[in-house]
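Hi,

Here is the structure I said I would pass on. Have a look at it first, and my notes follow below.

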Amino acid sequence: MNKSILLSGVGGQGTVLASRLIAAAAMDRDEQARTAETIGMSQRGGCVVSHVRIGKDIYSSLIPIGKADMIIGFEAGEAVRVFPYLKNGGTVVVNKSIIAPVTASLSDFQYHAENMIAYLKEHAGKVIVVDGEAIAEKCGSSKVLNMALLGAAIASGELGISMAEMETAVKEKVKPAFLEMNRKALSLGAELN
């Protein structure tokens, strides 16, 4: 069964690695996987969007508007920004923490995650909110947000990848020194469902 997953965040959150892990897990079970990234002006802090398409006869890596089965939002505002890509009834996995853009702080614009998450809940088929900061604290590193979101996405059943398949991909792609911490974050994210 074909799946289209859009990951959206800001530079430095692990969005690209997460997309590569999803693709690797799919390819390990002999499925086709295509990925593409668009990365903002600055490496850290700029918007990052990764398209992942999995299944049979996948010819394009870019997901058309209204065709994503799932959005994984590393930051609530970025999830809202890419929301038009989500199909009707699609699933959103979103981090409840925000990273306010520079323009918001310069203009006194009120940037609240609660408003964005409320919008997502009103318009998406299913929304899973992840407390990325709490999971990072339990794991001892802020660098595990991507794993926590992947764990929640897997547990939703909508990603189409099992926890064992993802753990294999993580073992292949993550340095051994960080493996246990990443496994813990995957597990904590999965416990949200």
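Before the rest, some housekeeping. This is a predicted model, in which local features need pLDDT of at least 70 and side-chain atom pairs count only at pLDDT 80 or more, while totals for chains, interfaces and linings use all residues. Residues are numbered from 1 along each chain as its sequence is written, and side-chain values use heavy atoms, with hydrogens and water left out. Helices (H or I, at least four residues) and strands (E, at least two) are DSSP runs, numbered from the N terminus.

Back to the helices. α1 and α6 pack at an angle of about 40°, and their axes are 9 Å apart; axes here are lines fitted to C-alpha atoms, for helices over the stretch in contact, and angles run from 0 to 180 degrees between N-to-C directions. The two helices, α1 and α6, are therefore oblique to each other (under 35 degrees counts as roughly parallel, over 145 as roughly antiparallel, 65 to 115 as roughly perpendicular, and the rest as oblique). Leu17, Ala18, Leu21 and Ile22 of α1 make the contact with Asn146, Met147 and Leu150 of α6, contact meaning heavy atoms within 4.5 Å. By class that gives six nonpolar residues, one polar and no charged. For the classes, Ala, Val, Leu, Ile, Met, Phe, Trp, Tyr, Cys and Pro count as nonpolar, Asp, Glu, Lys and Arg as charged, and the others, Gly among them, as polar.

α6 (residues 145–156) also packs on α7 (residues 163–173), at about 155° and with the axes 10 Å apart, so α6 and α7 are roughly antiparallel. Their crossing is right-handed. On the α6 side the contact involves Met147, Leu150, Gly151 and Ile154, and on the α7 side Met163, Met166 and Val170. These residues divide into six nonpolar, one polar and no charged.

Then there is α8 (residues 176–190), which packs with α6 at an angle of about 45°, the axes being 6 Å apart. That pair is therefore oblique, and the crossing of α6 and α8 is right-handed. Residues of α6 including Met147, Leu150 and Ile154 meet residues of α8, among them Asn182, Leu186 and Ala190. The contact of α6 with α8 has nine nonpolar residues, three polar and no charged.

On to the strands. Six of them form an open sheet with mixed pairing, in the order β2-β3-β1-β4-β5-β6 (two strands pair if DSSP finds at least two bridges between them). β2 (32–39) and β6 (126–130) are the edge strands, each pairing on one side only. From one strand to the next, the twist averages 15°. β5 (residues 86–95) and β6 run parallel and are joined by five bridges; in one of these, valine 93 has isoleucine 128 of β6 as its partner.

Last, the salt bridges (a side-chain nitrogen of Lys or Arg within 4 Å of a carboxyl oxygen of Asp or Glu). The whole structure has six. In one of them, glutamate 165 pairs with arginine 29, with the closest N and O atoms 2.7 Å apart. This pair links distant parts of the chain, 136 residues apart: glutamate 165 lies in α7, and arginine 29 in the loop between α1 (15–28) and β2.

Cheers

How values were computed: A crossing is left-handed if the near helix is turned anticlockwise from the far one by less than a right angle, and right-handed if clockwise.
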